[in-house]
Amino acid sequence: PIDWLKGGEDRHPMTFPMVAFGTGFLGAMLGLGGGILLSPVLIEVGMHSEAVQATVASFVFLSSSLATIQYFMMDQIVWHYALWYGMVAVGATFLGQTACEIFIRKRRRYSFITLSVASVLLLSLICLCVVGTKTVAHDYDMGKPLGFSFTRLCNSGRGSIIRPNVAMGDGVAML
């Protein structure tokens, strides 16, 4: 038999499905990408850090490609931005992957990948707190309501998510 829990009899068999459900739920509700939530979960499950890096990179590529296709189908792509940021992303990915591979192969320490994942998560947390605080302060200064409202969430008066874009003729726009 396969030891799915890796000798950890103290974990209930429903632990991983519940963590996967929670990860998917948070990702969908908060709009967070796969790398922010998926990396720590896969590391906690016990996957090797190189496998986590490859899995998350594939997931991010897939989700980014789907978002790009969606924007393309709605004719919402600003091409000069897309090309510029696309080139920067490809260059940074190549540089980062090459530097990580050289460092890891030279030192034979795979913990560097885990440390880099933790560093990105910490930086994301700090940036999220700063941007959120600025947004709340701005909304407070403008006198906007700060409480959660199901009315504003579910009944914005616009009907569906995709609506005709009046400015662009017959096209559609995402709210």
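How far apart should the ends of the 25-residue helix α3 be at 1.5 Å a residue, and what is the distance between its end C-alpha atoms? Helix α3 (residues 49-73) should span 36 Å, and its end C-alpha atoms are 36 Å apart, so the two values agree. The expected span of a helix is taken as 1.5 Å times one less than its number of residues. The structure is a predicted model, in which local features need pLDDT of at least 70 and side-chain atom pairs count only at pLDDT 80 or more, whereas totals for chains, interfaces and linings use all residues. Residues are numbered from 1 along each chain as its sequence is written, and side-chain values use heavy atoms, with hydrogens and water left out.

The secondary structure of the protein comprises six helices and two strands, arranged along the sequence as α-α-α-α-α-α-β-β. Helices (H or I, at least four residues) and strands (E, at least two) are DSSP runs, numbered from the N terminus. Of the 175 residues, 12% count as buried; buried means under 20% relative accessible area, exposed over 50%, and partly exposed in between, with a 1.4 Å probe and protein chains only.

In α3, the buried residues include Ser49, Val52 and Val56. An α-helix has 3.6 residues a turn, so residues three or four places apart point the same way. Helix α3 is followed by Asp75, which lies in the loop between α3 and α4. Asp75 has a positive phi of about 55 degrees although it is not a glycine. With a relative accessible area of 53%, Asp75 is exposed.

Helix α4 has 29 residues and reaches 41 Å from its first C-alpha to its last, close to the 42 Å expected at 1.5 Å a residue. Arg108 follows α4 and is found in the loop between α4 and α5. The phi of Arg108 is also positive, near 55 degrees, in a residue other than glycine. Arg108 counts as exposed because its relative accessibility is 65%.

Helix α5 has 32 residues; the reach from its first C-alpha to its last is 46 Å, close to the 46 Å expected. Its buried residues are Ile113, Val117 and Asp139. Asp139 forms a salt bridge with Lys144, the closest N and O atoms being 3.9 Å apart. A salt bridge is defined as a side-chain nitrogen of Lys or Arg within 4 Å of a carboxyl oxygen of Asp or Glu, and by this rule the count comes to one. Lys144 counts as partly exposed, at 45% relative accessibility. Just after α5, Gly143 takes a positive phi of about 80 degrees.

The largest pocket has a volume of about 550 Å³. It is lined by 18 residues, of which Gln53, Val56, Gln97, Val117 and Val120 lie nearest its centre. The elements that give two or more residues to this lining are α2 (34-45), α3, α4 (79-107) and α5 (111-142). On a 1 Å grid over the protein atoms alone, a pocket is an open set of points where a 1.4 Å probe fits, with protein on both sides within 12 Å along at least five of seven lines; lining residues have an atom within 4 Å of a point. The volume is the space filled by probe spheres set on the points, which are joined across faces, edges and corners.
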